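Open your viewer and get ready to select a few residues at a time. We will go from stop to stop together, and each stop tells you what to look for.

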Amino acid sequence: MSTRTIVHSDPDALVTGAAGRLLERLSVLQSTDGVAQLCLTGGRIANRIYRGLAEQLPGSPLDGTRVELWWGDERWVPTEHPDRNAGEALAILAPTLAMDPSRVHPMPAADGNVSIEDSVDGYAAELGETTFDICLLGVGPDGHVASLFPGHPGLESPTGAKVIAVHDSPKPPPERLSLSLATLNRSREVWFVVSGADKAEAVRRAHDGDLEVPAARVRGREATVWLIDEDAASLL
Ligand SMILES: O=C(O)[C@H](O)[C@@H](O)[C@H](O)[C@H](O)COP(=O)(O)O
């Protein structure tokens, strides 16, 4: 298992570099495995990377219908709510990425009467034994990844739980769904995408292996890649 940290000069370079790397890696995965399993994250830098990917897509060999999309976490709001991670990512990708709807797996939304707990069970069943080829993860200033927050009960999920319900999240909105640490750690490759000086301390602590920081507890089985800008890398 290798860990690499790639530092880009600024957020624009990070976005262009990460989007290009993703496009290339997904295309290679498709040429060997047929379908690439990609787990998306929420957050500002990730959405910028999806925009970069959408821009670089035309003319690339990537076949959108052979990308299977999953989400690492979701805000528990109705489908049409602008806070939804899946809503924003899909709105960005849809104009250029021709997707196969049966391969797009947004987490459930707070529509109707389904409880967050039932939704967790439903997503775990949908996920089954899927292994992500690439799992993208943004990192918060406190070192959270997906919706796994430091010192929060959800971090230590019951053994075997694939997906968890998060209540009282320190980052709004308070209710969320998240993949568990165990599920994230089944990924072949984990790519952290991080921008900004407010993340520098969390990036440093994760690199130092400080296990209070959730990001330090996630590793790809084959590779872990940190794609960051100089501000986020300033304490390394
Ligand atoms: O739903 C969410 O809010 C995210 O999945 C969360 O884990 C995010 O990735 C980080 O907070 C980084 O977000 P930024 O890039 O916006 O700082």
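**Before you start.** This is a predicted model, in which local features need pLDDT of at least 70, side-chain atom pairs count only at pLDDT 80 or more, and totals for chains, interfaces and linings use all residues. Residues are numbered from 1 along each chain as its sequence is written. The helices (H or I, at least four residues) and strands (E, at least two) are DSSP runs, numbered from the N terminus.

**Stop 1: H1 and H2.** Select residues 11-33 for helix H1 and residues 44-56 for helix H2; their axes are 8 Å apart, and the two pack at an angle of about 60°. That angle makes H1 oblique to H2. Axes here are lines fitted to C-alpha atoms, for helices over the stretch in contact, and angles run from 0 to 180 degrees between N-to-C directions. Angles under 35 degrees count as roughly parallel, over 145 as roughly antiparallel, 65 to 115 as roughly perpendicular, and the rest as oblique.

Now show the residues where these helices meet. On the H1 side you will find Val15, Thr16, Ala18, Ala19, Gly20, Leu22 and Leu23, and they meet Arg48, Ile49, Gly52, Leu53 and Gln56 of H2. Being in contact means that the C-beta atoms of two residues, placed from the backbone, lie within 7 Å. This contact of H1 with H2 has 7 nonpolar, 4 polar and 1 charged residues. In this scheme Ala, Val, Leu, Ile, Met, Phe, Trp, Tyr, Cys and Pro count as nonpolar, Asp, Glu, Lys and Arg as charged, and the others, Gly among them, as polar.

**Stop 2: H2 and H3.** Asn47, Tyr50, Arg51 and Ala54 in H2 meet Glu88, Ala89, Ile92 and Leu93 in H3. The contact of H2 with H3 counts 5 nonpolar, 1 polar and 2 charged residues.

**Stop 3: the ligand.** Which residues are closest to the ligand? Select Gly42, Gly43, Arg44, Gly138 and Gly140, the closest of the 16 residues that surround the ligand. A residue belongs here if its C-beta atom, placed from the backbone, lies within 6 Å of the molecule. H2 gives the most to this shell, with 3 residues. By class, the shell around the ligand holds 5 nonpolar, 7 polar and 4 charged residues.

**Stop 4: two positive phi angles.** Alanine 146 is not a glycine, yet has a positive phi of about 45°. Look for alanine 146 in the loop between strand S5 (134-138) and S6. Is alanine 146 buried or exposed? Alanine 146 is buried, with 31 other C-beta atoms within 10 Å. The cut-offs are 20 or more other C-beta atoms within 10 Å for buried, 12 or fewer for exposed, and partly exposed in between, with C-beta atoms placed from the backbone.

Next, select aspartate 168, in the loop between S6 and S7. Its phi is near 55°, again positive in a residue other than glycine. Aspartate 168 is exposed, with 11 other C-beta atoms within 10 Å.

**Stop 5: a cis peptide bond.** Select proline 172 and proline 173, which are joined by a cis peptide bond with omega about -5°. Proline 173 sits in the loop between strand S6 (163-166) and strand S7 (176-179).
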